[in-house]
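Take a look at the chain below.

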Amino acid sequence: MFQCKEHPHGLEVSMSARLDLVEQLAETIQKVLEERGLKHSCFNVLLVMREALVNAIVHGSDKDPGKVVHFVLRLEADGFLSMDISDEGKGFDWEHASMSAPAAHAVHGRGL
């Protein structure tokens, strides 16, 4: 499942907790940003989006395609951009999570 609604202030997506759908969403977001003259922001936005969605799918939803991940991208008139991502997982105590930076060569650990 991949449902996407674009609106004047951004887009809303509901998707199955599947890693292969992350790139489909990345392509959609890149198109939206480019159409709105924000091509210069694509790399940074897509990097953050990928990290957060992979965390929601892997850690929050346990890669269960029966679970749904919600994503909202808001483009504000003042140039600010925000993303909200939610999943059907049990959550975690982020206040007590390790906030140490990963090693430069690490392939995981940048999500927080």
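A residue counts as buried under 20% relative accessible area and as exposed over 50%; partly exposed lies in between. The model shown is predicted. Arg74 has a relative accessible area of 30%, so Arg74 is partly exposed. Its partner is Asp84: the two form a salt bridge, with the closest N and O atoms 2.6 Å apart. Arg74 lies in strand 3 (residues 68–75) and Asp84 in strand 4, so the pair ties together parts that are 10 residues apart in sequence. Asp84 is partly exposed too, because its relative accessibility is 37%.

Arg50 and Glu23 meet through their side chains in a salt bridge of 2.7 Å, N to O. Arg50 belongs to helix 2 (residues 42–60) and Glu23 to helix 1 (residues 20–35), so this pair ties together parts 27 residues apart in sequence. Another salt bridge joins the side chains of Arg18 and Asp20 at 2.6 Å, N to O. The count comes to 5 salt bridges.

Other charges form a patch. Asp62, Asp64, Asp87 and Glu88 make up a negative surface patch. Glu88 sits in the segment after strand 4 (81–86). Its relative accessibility is 45%, so Glu88 counts as partly exposed.

Now the whole chain. It has 2 helices and 4 strands. Along the sequence they follow the pattern β-β-α-α-β-β. The C-alpha trace spans about 35 × 35 × 25 Å along its principal axes. For 112 residues, a compact globule would have a radius of gyration near 13 Å; the chain has 15 Å, which agrees. Of these 112 residues, 27% count as buried.

Note on methods
Residues are numbered from 1 along each chain as its sequence is written. This is a predicted model: local features need pLDDT of at least 70, side-chain atom pairs count only at pLDDT 80 or more; totals for chains, interfaces and linings use all residues. Side-chain values use heavy atoms; hydrogens and water are left out. Patches are made of residues with over 30% relative accessible area and no salt bridge: like charges are joined within 9 Å, nonpolar side chains (Val, Leu, Ile, Met, Phe, Trp, Tyr) within 5 Å. Accessible areas come from the Shrake-Rupley method with a 1.4 Å probe; for residues, only the protein chains shown count as cover. A salt bridge is a side-chain nitrogen of Lys or Arg within 4 Å of a carboxyl oxygen of Asp or Glu. Lys and Arg count as positive and Asp and Glu as negative; His and the chain ends are not counted. The place of a charge is taken as NZ of Lys, CZ of Arg, CG of Asp or CD of Glu. Buried means under 20% relative accessible area, exposed over 50%, partly exposed in between (1.4 Å probe, protein chains only). The radius of gyration is taken over C-alpha atoms; the globule rule is 2.2 Å times the number of residues to the power 0.38.
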